[in-house]
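Please look over the sequence and the structure shown here before reading on.

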Amino acid sequence: MYTGEYRWSYTHFALHLAMLAKAAGGVDAFVVGTEMPGISALTWGFDDFPFAYFMAYIAEEARKIMGPDVKIGYAADWSEFHSYRPGDGSGDVFFHLDKLWANENIDFIGIDNYLPLTDWRDHENHEDHGQGAQSIHDLDYLKAGIEGREYFDFYYASDEDRTNQNRTLIADQDHGEHWVFRQKDIRSWWENPHHNRPGGVRSNTSTNWVPKSKPIWFTEFGCPAIDKGTNQPNVFYDPKSSESQVPYFSSGVRDDLIQRRYLRAMLEYWAVEAGNNPVSPVYGGPMVDPVNMFAWAWDVRPFPSFPVESDTWADWGNFTTGHWLSGRVGGVSADGIARLLMERAGLREGIDFETAGADGVADGFLISSITSARSVLETLGAAFFFDAVESGGRVAFRPRRSRYPLAEIEAEQLVDQGKDKERVSITRAQETELPAVVRVTAYDSSKDFNTATAEALEGAVSTERVVTSDLPVVTNYERLQGMAENLLQEAWASRERLSYVLPPTDLHIEPGDYLKLTVSGRVFAVRVLSVKDGDARMIEAVTYDAPVYEATKGATRAFVSKGQALQAAALGVFIDGPLLRDQDTPWQGYLTGYQLPFSPGMAFLSSPVTSGYELRAALNQQGVLGELQAPLPAGPLHRWDKGNRVKVKLYNGALASLEEDLVFSGGNAMLIEGAGGEWELLQFANAELIAERTYTLSKLLRGQRGSEPGMGAPAGARVVVLDGGMTQNGLSRSELGLPLNWQAGRAGAGVGSEDYTSYQKTFTGRGERPLSPVHLNARAQTDGSIAISWIRRTRTGGDSWEVAEVPLGETLESYTVEIREGGVLKRSLSASKGSVSYTAAMQVEDFGGPASSFDVWVYQLSEVYGRGVPAVAHYEA
């Protein structure tokens, strides 16, 4: 807890967080604040900006708390980090944060970077569309916008100018320092001294910023998964918020691919090996630290519970087009699959193939049987609307979406095919040949990967034809319905087929190209299907309408969980504790676990290395697990503990009170993990429900079956209720003491997959550990000796009241008795029964005369385990 000055202030708040970070064991980096452009631009007059002073003070105090190894910075908004230019006609330019950036306690320049990369529109002839940029998803086009386009080359002076793409170039007419007015020119800002310009007049002296002195961290960067997200990455759509907005010229439709390509463009562009990231001569590192680029946003809520469970999460609907990466970047891209298949075939990217145009992304893609790479690529192309073609001796991929015309051709330029033959043959499909309905079936990632079928309908047509398609794609219903709409619209848009012949000189035209062909005054937009070369080039093409390939918004289906979580990762619990049942193998210990859904059960596998895993056990019933909500101190043994309470929250299952006789019969038993991996077996009579799956347990029996070494557990300790599924670990005795790597997860799944969780655990065979003796006593005898006696306990078969003495449970009865004074071992005695004599002669040898005070420790011995749990008593003459 921070106890400094200014208690109800931002300073106190920030330094309190610094103290918490220190108390938690320290952090790698700490930001003193983030995105405060409204405050950072406030001035006390002229060029004095107090925000920078206050943040520098907080950084200094945080440094005192956190030490020299923690990196400290401020995470500025992308519109804030550079300078303050009020735009009020004054001409003012102030580098208002330089006193903060230059402060010795600031280690990095933090920027929450949501600068736009694109200025894309739907229509064909906008300024960014061309042969070099045929799609907003083009990686090179996106990279070119990182240090170019809006906020670098130009700006829009008004909304009308933006609509009409009337761009105003950014230029410093007076001093040639164009970067001063380029918010996106991070490089020049970093490389150059900064001169304030009050009233537009450049100061002769620079600020205290030292060029190239500190690295730049992108403390946030990201893009929403929405159509044209890179046009305006900083906005988000939330109909419940007053700040809800979609990017400029966006249709509002979900687009995971643009988010994925944005991330790839940023990470590849600023990678040191790309050559775009200069190295500082001051600190020897790159300008933009690629290790410290933090993509927004990851959500701690488990996928797919969020966003699938609409009754649990109020903001579930925002996920669709939001910035979330969790539940999205784990998907598969079409270009990634294409690259994998090509490389496995021995081909090299850039030499034998290019995957740039394979535009598409899904949650998964299923290859369920032996098939050819070509077949897989053709299926991908059909699902995501791209074509694989041979171009220049390489396999290339051409997206059908937003193509730019390669050429405009007049019919007179085509080869004359002879008398009575038209230069262009046009065949128009009849309505009855076209579909009225397209149904697409795929796997629904939000419905436990069950199949889902989406349907698109063409109204007011004479055809009744239904086209069905099964796609080996994992997606959700909304995107599946979009695919169905696109397939239907493509069938109708390409109903006209054109055949014509080009002269052999037109070698640049290839399958997949988009052409404009004028025939009898009508302009046909066509997509080339095939080219057959001979004396001339025979072309087969279909009519092309770019908008039919734009993503469409399907119906969103809300899912109601009814209180049941859809999925939870496998949690394995490894119990090296007391023997719970007499019939169990004593050295093996126990396994239990939890996962959702549990079916078809859990498997536990182990290996001494990280491969060659061997199945050890299977769990057919879910374990009932939980954790302590408050510390549990040690308590009395062999009688009711009526003073302590157990506060426990269960992950699953339920608890209830029991009569004493049923508790004595073994009911209401649970294991609680204590310090050092010990487990206490505890029973309870009373259970009170105090919150959802949260109980207070009282009237306890502690340290059952010799588990008293495990008594005393902190809040958060693992709890295992014995009513749930549990099995033994299947280890041989020779494997005790060996550190083993374990995999716990869904039975039947691939080892090492996301269905398994990895652990390292060493079992020691505590089930064979002898229990501590009881009734330990030491009494002085008339001959000067001290008689030490005890009663042994047994690990097995000790519940019967009929036998005179409980079974030994060991091969031989053997004990070690230790005489200690103040923790110092004075003598060790051996015994083969429940008593031993500490003779007068021994006492003289150990203490110089009759012993007046000492501690006695008694261990029962096991041939296979060694010393058991000691009984301890104090002797006072």
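What follows describes the chain as a whole and then some of its parts.

## Overall form

The model is a predicted one. The chain contains 14 helices and 43 strands. Its C-alpha trace spans about 135 × 75 × 50 Å along the principal axes. The radius of gyration of the chain is 37 Å, whereas a compact globule of 877 residues would have one near 29 Å.

Among contacts between residues at least 6 apart in sequence, 67% join residues at least 24 apart.

## Surface and charge

Of the 877 residues in the chain, 50% are buried. The accessible surface amounts to about 41100 Å², and carbon and sulfur atoms account for 51% of that area.

The side chains include 80 positive and 116 negative ones. The centres of these two sets are 3 Å apart.

## Nonpolar cores

In soluble globular proteins, nonpolar side chains tend to be buried together. The largest nonpolar core in this model has 62 residues. The members that touch the most other members are Tyr 74, Trp 101, Trp 189, Ile 216, Phe 218 and Trp 270. Helix α3, which runs over residues 50-66, gives the most to this core, with 9 residues. Apart from it lies another core, of 32 residues, including Phe 365, Leu 434, Ala 452 and Ala 454.

Trp 270 can be followed through its contacts, leaving out residues up to four places away in sequence. Among the residues that Trp 270 touches are Ile 146, Phe 218, Met 287, Val 288 and Met 293. The contacts of Trp 270 also include Glu 147, Arg 187, Asn 276, Asn 277 and Pro 290.

Leu 457 belongs to strand β16, which covers residues 450-457. Is Leu 457 buried or exposed? Leu 457 counts as exposed because its relative accessibility is 54%, and the cut-off for exposed is over 50%. Beyond residues up to four places away in sequence, Leu 457 touches Ala 436, Val 437 and Leu 488. Ile 367 is 90 residues from Leu 457 along the chain, and the C-alpha atoms of the two are separated by 29 Å.

Ser 391 lies in strand β11, made up of residues 386-391. The relative accessibility of Ser 391 is 17%, so this residue counts as buried, the cut-off being under 20%. With neighbours within four places in sequence left aside, Ser 391 is in contact with Ala 396, Arg 398 and Glu 510.

## Cis peptide bonds

The bond from Phe 303 to Pro 304 is cis, and its omega is near 5 degrees. Pro 304 sits in the loop between β7 (288-295) and α9 (305-308).

The bond from Leu 596 to Pro 597 is also cis, with omega near -10 degrees. Pro 597 is found in the loop that runs between β23 (590-596) and β24 (602-607).

## Positive phi angles

Tyr 151 is not a glycine, yet its phi is positive, near 70 degrees. Tyr 151 is part of the loop between α5 (139-144) and β4 (154-155). With a relative accessible area of 26%, Tyr 151 is partly exposed.

Ser 402, which is also not a glycine, has a positive phi of about 50 degrees. The loop that holds Ser 402 lies between β12 (394-399) and β13 (407-410). Is Ser 402 buried or exposed? Ser 402 is buried, because its relative accessible area is 10%.

## A glycine in a loop

Gly 868 lies in the loop between β42 (866-867) and β43 (871-876). The relative accessible area of Gly 868 is 8%, and therefore the residue is buried. Which residues are in contact with Gly 868, leaving aside its neighbours within four places in sequence? They are Arg 769, Pro 770, Tyr 859 and Gln 860.

Glu 510, named above as a contact of Ser 391, is 358 residues from Gly 868 along the chain. The C-alpha atoms of Gly 868 and Glu 510 are separated by 82 Å.

How values were computed: Residues numbered from 1 in each chain as written. Heavy atoms only, no water. Helix = DSSP H or I, 4+ residues; strand = E, 2+ residues; numbered from the N terminus. Rg over C-alpha atoms; globule rule 2.2 N^0.38 Å. Buried < 20%, exposed > 50% of the residue type's maximum accessible area, 1.4 Å probe, protein only. Contact = heavy atoms within 4.5 Å. Areas by Shrake-Rupley, 256 points an atom, 1.4 Å probe, with all protein chains shown as cover. Lys, Arg positive; Asp, Glu negative; His and termini not counted. Charge placed at Lys NZ, Arg CZ, Asp CG, Glu CD. Core = buried A, V, L, I, M, F, W, Y, C linked by side-chain atoms within 4.5 Å.
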